[in-house]
Number of protein chains: 2
Amino acid sequence: MNELAVTIKGADPVLLRRIRALTVLSTLRSAGPLALTPLAARSGLSRPVAQTVVDELTGTGWIDTAADDTGTDTVRSVGRPARLFRFRSEAGHVAGIDIGAHSVSAAISDLAGTLRAQSRITVSPGDGADARLAATRTAIANAARDAGIEPADLWSVGLATTGVVDHAGRVVKSVALPEWSGLDLGAAFADTLPCALHVENDCRAAALAERWQGAAQGTDDLVYIHAGLRTGTGVLVNGKPLRGYSGAAGEIGAMSALGWAEAPMHLISLPGLGAGIAPEEVAERVFTRARAGDPLAQAAVERFSTALAQGIVALCLTFDPQLVVLGGGISRSADIVLGHITEELERVCIRVPRIVASALDREAVVLGAVRIALDMVDERFFTPGVAEPLAPPQGHARAGRG
Amino acid sequence: MNELAVTIKGADPVLLRRIRALTVLSTLRSAGPLALTPLAARSGLSRPVAQTVVDELTGTGWIDTAADDTGTDTVRSVGRPARLFRFRSEAGHVAGIDIGAHSVSAAISDLAGTLRAQSRITVSPGDGADARLAATRTAIANAARDAGIEPADLWSVGLATTGVVDHAGRVVKSVALPEWSGLDLGAAFADTLPCALHVENDCRAAALAERWQGAAQGTDDLVYIHAGLRTGTGVLVNGKPLRGYSGAAGEIGAMSALGWAEAPMHLISLPGLGAGIAPEEVAERVFTRARAGDPLAQAAVERFSTALAQGIVALCLTFDPQLVVLGGGISRSADIVLGHITEELERVCIRVPRIVASALDREAVVLGAVRIALDMVDERFFTPGVAEPLAPPQGHARAGRG
């Protein structure tokens, strides 16, 4: 029922106490508020042991009690009020940040993953790194203010951005944001965000989000394609992002034989689009004309889809994923793209995976960054090094309840 | 020091006893024979607890004692003989099997991974499935006989073969052995090998072997390329084989744009090779002529290497591996192939991984199959479901000591 993965060194005598505390926390997080008897039963503990554990966890601020609306505690009703124990998901907050070419976004969630506040600020691909960092700091400050906390109160932060990101949080290379290449994003936010921070490629974050709340729920082996004027991929293997030895996994778009870089040209080169259209609107216009029956636009869409499909075929042959999720601007036109892609997959693949459009659209990256931040908190729950569950800071965390 | 990964359900009261036993076993397996005091210290146990654990493990046949050649047990020397505790790696045996187009091979190892016997039998690509299965059963019987055990005594078996293998042990498709497609290999060996059996793609097995004993020791992110008249790949991510949702991961060779299928034609089409050469000897002849300075042969090798490199580039962009290992017949000519491949990698890749020739050559697959079998035993050590370490069958296992 509650399966916990723990890594232990030797046979530490505090282990059992730790495991019991984690079991109770995990039970309350997944099952919601419970009275002592069902909590003990679900946790596999005797009632007296469960009592000891909930007393400890109440003392450290991880759980609190609420009156049981449904009646009395049947086992010990005489002279005692009914009590439900509840995981205090408001005991801490995490943030997810998405730094993109056209906008930056920050979202604050509680420990249960419920969003408390979000701020999105429009930026321009031509903005320099300093302006983009300043806009990001403003988005963080806005979201924190709206959630009733300070940025310094955050327990962990996931930060997703476009480009190849190494394991130390440095942007090795970004095609979409050339000024981003070489930037140490972890260091750039060390003052604003003194907590644990993980920098991730945006497509990997989006893949995590689709698995968490989007089109890929329940899927562990997943290829996410960001398709727009640039193409990117995020792959999950056994539910974890594939990062590679230096963080550069998934860069199959650099393979010119696959033709990904040129795919958008099939759309951009359509005659009659008119001058001065913003690049990000070109695709929408072509798809609109294709839907209306324009044969030139339909041919352009087919050429684009076939070009996009080559890389998807390569990824499917390589990973044999359960599911492919198509995200990015093109996903809004999945109705006329997915058919062409599926045809190409059927022509080559040993097993054709299901392919669906993103359910989260442009929110995928920031939500994935929140998921990364939540996973960082979970890792601290479930690994040793902290002898007992990390005690939440009482003052600030309570301020965040309002 | 001894890091164990365990998965627990709830807070089972037998857990601590289990962990202590596993810790002691793991310590003795990695450190070799130890007296009680250093064993207790390395296991993080008190001396009396360690005594209880070794008594239990001696009773169940997991460990035994040997006289300490180095002197007496310093703590309790009065009236007691010095004793060293030793993991009984001969308590059980596992087998690795490689079923290929040109030969089948079976190897038997003890629980420490030391090979006890091996049998290889030559077969022909044209043999039918029945003949290949019969040769395999003979190889298993030969190796078991030479190791002094019965095939039925084996604790676990890894079986590697060419083709796409699904999670149930069925060959979904094999290009090299068409009659193999659709065969349920797990079922075919159910009578001969009544133990746990895992069927794996041969390239994945070879990748595991290179990591265990070959050119990739200490490497968790690894791309293995089998290059010969056919090309295959086996990928390790975080030390584990990438299998994909249906077992078909790594089949990037099916991507015709990469030109892998045609690569050997650059060798075969070299003029002056003479008629009637066995296909597997063609490559050797061309490489020999290239080494001797024949410009036509050198050009053929360059075209072959460049074609082979396209798929390696795609795999490196996708996985960002720490290391690429080149196996198969071509690996014997790594001296004149790797330079061309590295040039192609440097032209395209964000980070160029090291690329080396296999250290195990044609033994890689059968050794990888042994590693798979050993990992199956380890999984039974380190997961619950067995309330305590699996008791080795005393009779047969002891017969295998000789």
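The model is predicted, with local features requiring pLDDT of at least 70 and side-chain atom pairs counted only at pLDDT 80 or more, while totals for chains, interfaces and linings use all residues. Residues are numbered from 1 along each chain as its sequence is written, chains are lettered from A and ligands numbered from 1 in the order in which they are written, and side-chain values use heavy atoms, with hydrogens and water left out.Over all chains, the structure holds seven aromatic pairs. Rings of Phe, Tyr and Trp (its six-membered ring) are paired if their centres lie within 6.5 Å, and planes under 30 degrees apart count as stacked, over 60 as edge-to-face and the rest as tilted. In chain A, the rings of A:Trp62 and A:Phe87 are stacked, because their centres are 6.2 Å apart and their planes meet at 15°. A:Trp62 lies in the loop between helix H3 (47-59) and strand E2 (63-67) of chain A, and A:Phe87 in strand E3 (residues 83-87) of chain A, so the pair ties together parts that are 25 residues apart in sequence. Helices (H or I, at least four residues) and strands (E, at least two) are DSSP runs, numbered from the N terminus. A:Trp62 is buried, at 0% relative accessibility, and A:Phe87 is buried as well, with a relative accessible area of 7%. Here buried means under 20% relative accessible area, exposed over 50%, and partly exposed in between (1.4 Å probe, protein chains only). Ring pairs also link A:Trp155 with A:Trp62 and A:Phe87 into a cluster.

In chain B, B:Trp62 and B:Phe87 form a stacked aromatic pair, with 6.2 Å centre to centre and 15° between the planes. B:Trp62 is placed in the loop between helix H3 (47-59) and strand E2 (63-67) of chain B, and B:Phe87 in strand E3 (residues 83-87) of chain B, so this pair ties together parts that are 25 residues apart in sequence. B:Trp62 counts as buried at 0% relative accessibility, and B:Phe87 counts as buried at 7%.

Charges over rings were found in chain B, where a charge sits over a ring if NZ of Lys or CZ of Arg is within 6 Å of the ring centre and within 35 degrees of the ring normal. The charged end of B:Arg137 sits over the ring of B:Phe189 at 5.3 Å from its centre. That of B:Arg371 sits over the ring of B:Trp212, 5.0 Å from the centre.

Strand E5 (residues 103-110) of chain A is mostly covered, with eight of its eight residues buried. A:Ser103, A:Ser105, A:Ala107 and A:Ser109 point one way from E5(A), and A:Val104, A:Ala106, A:Ile108 and A:Asp110 point the other way. Two strands pair if DSSP finds at least two bridges between them. Strand E4 (residues 93-99) of chain A runs antiparallel to E5(A) and is joined to it by seven bridges, with A:Val104 as the bridge partner of A:Ile99. E4(A) and E5(A) form a hairpin with three residues between them. E5(A) also pairs in the antiparallel sense with strand E6 (residues 115-122) of chain A, over seven bridges, and A:Leu115 in E6(A) is the bridge partner of A:Ser109. The hairpin of E5(A) and E6(A) has four residues between the strands, and A:Gly113 in the turn has a positive phi of about 90°.

In chain B, six of the seven residues of strand E12 (residues 231-237) are buried, so the strand is largely enclosed by the rest of the structure. Six bridges pair E12(B) with strand E11 (residues 222-227) of chain B in the antiparallel sense, and B:Tyr224 stands opposite B:Gly234. E11(B) and E12(B) form a hairpin with three residues between them. B:Val237 stands opposite B:Lys240 in E13(B). The hairpin of E12(B) and E13(B) has two residues between the strands, and B:Asn238 takes a positive phi near 55° there.

Most residues other than glycine have a negative phi. A:Asp361 has a positive phi, near 50°, and lies in the loop between strand E15 (354-357) and helix H11 (364-382) of chain A. A:Asp361 is partly exposed, with a relative accessible area of 29%. Phi of B:Asp320 is also positive, near 50°. B:Asp320 lies in the loop between helix H9 (295-319) and strand E14 (323-327) of chain B, and is buried, with a relative accessible area of 2%.
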